[in-house]
Amino acid sequence: MKYYDKLIFELSKAGRTGFSLPENKWNVSTDALPYGIRRTESPDLPQVSEMDVVRHYTNLSQMNFGVDTGFYPLGSCTMKYNPKINEEIANMPAFQSEHPLQPDGSVQGTLEVYYELNKALAAITGMEAFTFGPCAGAHGELTGLMIMRQYHLQRGDLKRTRIIVPDSAHGTNPASAAVCGLEVIEVKSKPDGLIDVNDLKPLLDDTIAGIMMTNPNTLGLFEKEIKEIADLVHRVGGLLYYDGANLNPLLGVTRPGDMGFDIMHINLHKTFSTPHGGGGPGSGPVGVVKALTPYLPVPKVVLDVDGKYRVKGRATATICHRSGKMEAQENCELAAGEVSGFMGNFAIMLRAYAYILMLGKQNIKMAGKLAALNANYVKETLKDCYKLPIPSVCKHEFVFDGLIDDGAKPATPDSPEVTGATTLDVAKRLLDYGFHAPTIYFPLLFHQAIMIEPTETESKETIDAFMDAMRKIAVEAKENPDFLRSAPHNTPIRRPDETTAARNPILKFKDQPTE
Amino acid sequence: MLDRIGAKTLDDLYSDVPADFIFRGEYDLPDAKGEQEVRDYFEALSKKNTSLKVFVGAGAYDHYTPSVIPYITSRSEFLTAYTPYQAEISQGTLRYVFEYQSMMCELTGLDISNASLYDGATAAAEAMKMAIACAKHKTRVLLSNTLLPNVLKVIETYAKYHGVELGFIDVNKGQTCIVSLKNELAKGDVAGIIVPGINKYGIVEDFAGFAEAVHTEGGVMIEYCDPSTLAVIKTPKEWDADIAVGDGQSLGIPLCFGGPYVGFMTCKKEFVRKMPGRIVGETKDSEGKRCFVLTLQAREQHIRREKATSNICSNESLLALFVTVYLSLMGPEGMKRVNDLSYGGAHYLHDELLKTGKFAEAFERPFLNEFTLKCNVPVNELQQKLLDAGFFAALEIEENYVSFCVTEKRTKEEIDSLVKVIKEA
């Protein structure tokens, strides 16, 4: 990776263009718009040639690390390999060129993908049906909680405004609950990392809408008391929400629907191999058990008796279908609402469905177990140089609590005090060795958390190379912690000054100080 | 590897899963397929779709995607990267997001842009929550009834569960009615309003007096925009709007049956601390080199948990790259040309349709690339004829009112053959 310092604006030359459009042969232009609604000054966009654009973004790409560049042991993110056939399928013109409001008859192939992927996800999770509106995991959480609230509201059960969230939960869980108008009640973890059922019991009453859980939890531990938890929550009339961020290790082993969960989301960009795109697009379909299907958001795809697929419950009219009056006829009046503009991130669904078809019922069952194998292998191999606070068998990921020997030394008459290396320093030094850093300082239960998730798609050789680097770093920490504290040394940039970035925000090209 | 772990079989790794829950059946899924079989399967599926000439907008616009865009956005360094938490090896993503933010500020005229949101409709819902967060103790947000129906629905869904009371502003002659706005404002408790720059009828709205009326009552003005058209129509800044949102799909993103698209949001700088989503900022590294980082993270869910301004984390970063590359290629001149071509085609179609005698003017209001006519013949029959001829056109916005959209992709020949079908219908 090499440093490249340009911004596209800095390549701009007045009058240079990179577009290719026909001349305007119409006798009119937007200059004919009334003055009062017309823009007076044109936007100051870059003026560059096509080749300028191609070179600039190619250079930018070379400062980026992706799954195709190297190993990403990023806990809770499931950075598995993204098969290339999926990209080709998502880019097929007949899927890319369809307008979202086209009449059902003209998009039967597209609608079949919705229908079949729904069936496949239901089979894998033990849920009854999914909605594909949510565009990301957090969006799925919010949608799932809306369904939960809608269920209670429709039954006239208006007092259920509180939700239980474990202290080990992803930050999105409490944030999604708050956006959904729920009060968050935290349940504590025991020293072994699992939910403390005794702490849970007194929190349960008829004001509880439900509980949000990840299982395995963010420490990679299976919540083995899930049956008791499910019974307790159901007994007071609450529902169980399953955060699908950690679904991967359960493929082929157990299903959220069988464990007593009522609502769940899946991150297609984690468990089902779609690329992360530098932070999206994702897709967060939400599934529910049979009793909750009337509350699933609309629109939805159904298979009619005539063998044709149809979209139900759209807000916007489509050709030959009038909107508004249709909702009641289509039995959508209990639905939680609409959660995105059209029908979710279809191109992501295509990729996930291709992945499922490639693995098939045989191979998908191995994905979870191999992910757990890789994670436990790393945990057991590195525990002599990194603190392992919870030694039990993990699933897809686990957490270290920093270095065993961080190199810190008290001051002696001969030498001054030496400060030790932190988890941040370990993470930064890993970048020098050509690996992405693990998730750090999460979960919040440990001060120096290093959360590692190798996924099933990495070979033993890759994992061994990663562990060699982790070992070397542990030795470096012992011998020369200062060297780690200034890492990384070989990346396009060194550590950025984040404090100044937040104190004096420069958030666009024109905010830059003129020199 | 199992030896190292001290396990005999892979199943030993799951000894803590209660036996009742172990899935012993067979997944109800097809058998594993080879790559060629999968390709054949999807090719067969894709043939069940019919390619239509698109003359409909309604929130998704059939603009041309230059070849450079898929070429750049499919580079695996961009495509397979995670969110840029490790700035040292993510300068590619961070730089293009910074450029994206700069360009969205140029188009809308406002000070601050975030790194993207899911889509236009959810961006509008986020803006509604932002209005509530900015205006302490006010609980109402007003929505114009000229907003697209799907955008209205998503805002209503978020409002219902977030506990926001919605009011609605009436339509007058195809445009948001300022008298109705003032009546609603007079009822008090208004945190903000959401109005569309170009509305569901295709009309370019005139917001003279809107911002002043809202600001006097202590609310914020949120404009829902089609960013492509902001190159030629009055900007949110020029209307003195506080927040602009919308869908970036019109900036080089294929239709793709509705997603992935990209929501955008820009605002005046006094609202930055309430803005949802990621924001990229410029700084220097320890050697003084210019570099870029995710910044102002104190607003976000992973720090603030239930007190965060929003639950959003992943957004639509790769789609922001589509937009950035598109706007770089187009520049100010290309953006003007796209709008001129769409304007010219739409006005030609509008006049030709009126000449058929089957339509009447619905509103005497300026439009750009989309317009609505009153249909004097049975709508369903007309739509079916168009469909049979390979056109997706005449979307029924309200009973007997149909809309058409023309982008730069539609040629005069295509428009003429559409008109011919209608004449003969």
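# Chat notes on a predicted two-chain model

Reader: Let's start just after H8(A). Which residue there takes a positive phi?
Author: A:Gly237 does, with phi of about 90°. Keep in mind that this is a predicted model.

Reader: Fine. Now H8(A) itself. Which of its residues are buried?
Author: The helix spans residues 226–235 of chain A, and the buried ones are A:Ile226, A:Ile229, A:Ala230 and A:Val233.

Reader: Why are those on the same side of H8(A)?
Author: They cover an arc of only 100° around the axis, so they end up on the same side of the helix.

Reader: What covers the buried residues of H8(A)?
Author: The cover includes two helices of chain A, H7 (197–200) and H9 (256–259). It also includes strands S4 (208–213) and S5 (239–244) of chain A.

Reader: Switching to chain B. What is the strand order in the open sheet of seven strands?
Author: The order is S2-S10-S9-S8-S7-S3-S4 in chain B, and the pairing is mixed.

Reader: Which are the edge strands?
Author: S2 (112–113) and S4 (165–169) of chain B, each pairing on one side only.

Reader: Stay with S2(B). In what sense does S2(B) pair with S10(B), parallel or antiparallel?
Author: Antiparallel, over two bridges, with S10(B) running through residues 263–267. B:Ser113 stands opposite B:Thr266 of S10(B).

Reader: Which strands does helix H5 of chain B lie across?
Author: H5(B), residues 91–108, lies across S2, S8 (220–225), S9 (243–247) and S10 of chain B. It runs at about 70° to S10(B).

Reader: And which strands does H8 of chain B lie across?
Author: H8(B), residues 178–186, lies across S3 (140–144), S4 and S7 (190–196) of chain B. Its angle to S4(B) is about 150°.

Reader: Backbone check next. Where is the peptide bond cis with omega near 10°?
Author: From A:Gly280 to A:Pro281. A:Pro281 is in the loop between helix H10 (268–271) and strand S7 (286–288) of chain A.

Reader: What joins A:Val298 and A:Pro299?
Author: A cis peptide bond, with omega about -5°. A:Pro299 lies in the loop between S7 and strand S8 (300–303) of chain A.

Reader: Back to positive phi, this time in chain B. What is phi of B:Leu296?
Author: Near 50°, positive in a residue other than glycine. B:Leu296 is in the loop between strand S12 (290–294) and helix H10 (301–304) of chain B.

Reader: Why does B:Leu296 count as partly exposed?
Author: Because it has 19 C-beta neighbours inside 10 Å, and buried takes 20 or more.

Reader: What about B:Ala394, what is its phi?
Author: About 60°, again positive without being a glycine. Its place is the loop between strands S15 (391–392) and S16 (395–398) of chain B. B:Ala394 is buried, with 25 other C-beta atoms within 10 Å.

Reader: Last topic, the contact between the chains. How many residues come from chain A and from chain B?
Author: Chain A gives 171 residues and chain B gives 165.

Reader: Which helix gives the largest share of the side of chain A that touches chain B?
Author: H12(A), residues 346–382, with 20 residues.

Reader: What is that side of chain A made of, by class?
Author: It has 91 nonpolar, 53 polar and 27 charged residues.

Terms used: Residues are numbered from 1 along each chain as its sequence is written. Chains are lettered from A and ligands numbered from 1 in the order in which they are written. This is a predicted model: local features need pLDDT of at least 70, side-chain atom pairs count only at pLDDT 80 or more; totals for chains, interfaces and linings use all residues. A residue is buried if 20 or more other C-beta atoms lie within 10 Å of its own, exposed if 12 or fewer, and partly exposed in between; C-beta atoms are placed from the backbone. Helices (H or I, at least four residues) and strands (E, at least two) are DSSP runs, numbered from the N terminus. The arc is that of the directions from the helix axis to the C-beta atoms. Two residues are in contact if their C-beta atoms, placed from the backbone, lie within 7 Å. Two strands pair if DSSP finds at least two bridges between them. Axes are lines fitted to C-alpha atoms, for helices over the stretch in contact, and angles run from 0 to 180 degrees between N-to-C directions. Ala, Val, Leu, Ile, Met, Phe, Trp, Tyr, Cys and Pro count as nonpolar, Asp, Glu, Lys and Arg as charged, and the others, Gly among them, as polar.
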